[in-house]
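The sequence and the structure are shown first.

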Amino acid sequence: GGGQSPDYDNPHLQASLISFIEAMGQHYDGDSRLGIVQLGLLGFWGEWHTWPHNNWFPNSSFQSELIIAYTTAFKQTLLQIRYPVAGSSELPIGFHDDSFAHSTLGDADWYFHPRLVAAKAEERWRETPIGGELRPELQWWIFEDGYSTGTDRQDFFECVSETHASMLLNFAAFSGGLNSTAELKRAEAAALSLGYALHVSSASVNASLLQVTLENRGVAPFYHSLMLQVQDSNGMIATVELPRLTRDHGSQVFVLNISTFLNPSPEAPWTLSLHSDNVLQSQQILFATAPGEGSIR
């Protein structure tokens, strides 16, 4: 909570925290049940501050030691930290804004995006994910009729566009906070505005090759390794690994060898799909494209 704090200079506490991170990494790194591990442990609510008791917070040396422990323990699972501190903006760590749409954009130097800009970390979203939590007080009414921007009330979609956020916590949406069809639709549109949106512009066969044109219409890339797959009606499969596409890459053409495939037809179509080893087997990675009923679907 916001009133009590351990002594972060205590060597026993420091050793316990580092040992905990090492053990957690050994057990969970690469576990596909985890989307993000946020670097908590320090500060009130694990949010890396002890405001207004700033002298209670650990020094930069131990902050750095703890951050390095996380990046050493987690080589596969994605990481996020609350602020770009102690060299974190130079490491494979994303950031999370736990007051999203409340103090995300603006001129105040302690707001989320200005802090990233000051640390020269505003482009880190290209390599590491941005996330956080929709400010708890806003969760209950940000999607209602009559919501207007003002002090401590920012435009949700502008915040997403500027930060390139991929995921946000929103407790109220699952706890009775959406009380009308219009409010639900706005919340769904807000969720869909996050992260990647991989669109298939075209697919064509040229001799023994399938050419697929893809573009990412979302605000952020898909961060883990990602494969584009095509399968014919006989179960033959061809794949190609995709780069980390962002919107400013525009349309990109990817080529798959289909020399052993049966010819596609509406009755025996080929199926395009996306796959990653970093999601659960029960999950699907969907295109942002209407499925269609042609020979290649």
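This is a predicted model: local features need pLDDT of at least 70, side-chain atom pairs count only at pLDDT 80 or more; totals for chains, interfaces and linings use all residues.

**Pockets, core and rings**

Strand 3 supplies three residues to the lining of the second largest pocket, which is the largest share from any element. By class, the lining of the second largest pocket comprises 10 nonpolar, seven polar and eight charged residues. Tyr-83 also takes part in a contact with a charge: the charged end of Arg-115 sits over the ring of Tyr-83, at 4.1 Å from the ring centre.

The largest pocket has a volume of about 1200 Å³. It is lined by 40 residues, of which Ser-166, Met-167, Leu-168, Leu-194 and Tyr-196 are the closest to its centre. Helix 6 gives the largest share of this lining, with five residues. The lining of the largest pocket divides into 30 nonpolar, nine polar and one charged residues.

The chain contains two cavities of 30 Å³ or more. The largest cavity has a volume of about 50 Å³, and its lining is formed by Leu-198, Phe-222, His-224, Leu-226, Leu-242, Pro-243, Arg-244 and Leu-245. Six of these lining residues are nonpolar, one is polar and one is charged. The second largest cavity holds about 40 Å³ of space. Gly-30, Asp-31, Ser-32, Leu-34, Gln-76, Thr-77, His-224 and Asn-278 line this second cavity. Here the lining has one nonpolar, six polar and one charged residues. His-224 belongs to the linings of both cavities.

The chain as a whole may now be considered. Its secondary structure comes to six helices and 10 strands. The C-alpha atoms fill a box of roughly 70 × 50 × 35 Å, taken along the principal axes. Of the 297 residues in the chain, 43% are buried.

In soluble globular proteins, nonpolar side chains tend to be buried together. In this chain, the largest nonpolar core has 48 residues, and Trp-48, Leu-66 and Phe-100 have the most contacts inside it. Two or more residues of this core come from each of helix 1 (11-28), helix 2 (60-73), strand 2 (78-81), strand 3 (94-100), helix 3 (112-118), strand 4 (130-134), helix 5 (156-163) and helix 6 (181-192). Helix 2 gives the most to this core, with six residues.

The chain has 12 aromatic pairs. The rings of Phe-44 and Trp-56 have centres 6.3 Å apart and planes at 90°, so this pair is edge-to-face. Phe-44 and Trp-56 both lie in the loop between strand 1 (36-38) and helix 2, so their pairing ties together parts that are 12 residues apart in sequence. Phe-44 has 2% relative accessibility and therefore counts as buried, whereas Trp-56, at 31% relative accessibility, counts as partly exposed. The rings of Tyr-70 and Phe-74 also have their centres 6.3 Å apart, but their planes are at 25°, so the pair is stacked. Tyr-70 and Phe-74 are both buried. Elsewhere, ring pairs join Phe-100, Phe-143, Phe-156 and Phe-157 into a cluster. Phe-100 is also one of the residues with the most contacts inside the largest nonpolar core.

Thr-104 lies in the loop between strand 3 and helix 3. Is this residue buried or exposed? Thr-104 is buried, because its relative accessible area is 0%, which falls under the 20% cut-off for a buried residue. The C-alpha atom of Thr-104 is separated by 12 Å from that of Ile-130, a residue 26 positions away along the chain.

Technical notes: Residues are numbered from 1 along each chain as its sequence is written. Side-chain values use heavy atoms; hydrogens and water are left out. On a 1 Å grid over the protein atoms alone, a cavity is a set of points where a 1.4 Å probe fits but cannot get out, and a pocket is an open set with protein on both sides within 12 Å along at least five of seven lines; lining residues have an atom within 4 Å of a point. Grid points are joined across faces, edges and corners, and a volume is the space filled by probe spheres set on the points. Ala, Val, Leu, Ile, Met, Phe, Trp, Tyr, Cys and Pro count as nonpolar, Asp, Glu, Lys and Arg as charged, and the others, Gly among them, as polar. Rings of Phe, Tyr and Trp (its six-membered ring) pair if their centres lie within 6.5 Å; planes under 30 degrees apart count as stacked, over 60 as edge-to-face and the rest as tilted. Helices (H or I, at least four residues) and strands (E, at least two) are DSSP runs, numbered from the N terminus. Buried means under 20% relative accessible area, exposed over 50%, partly exposed in between (1.4 Å probe, protein chains only). A charge sits over a ring if NZ of Lys or CZ of Arg is within 6 Å of the ring centre and within 35 degrees of the ring normal. A nonpolar core is a set of buried Ala, Val, Leu, Ile, Met, Phe, Trp, Tyr and Cys residues joined through side-chain atoms within 4.5 Å.
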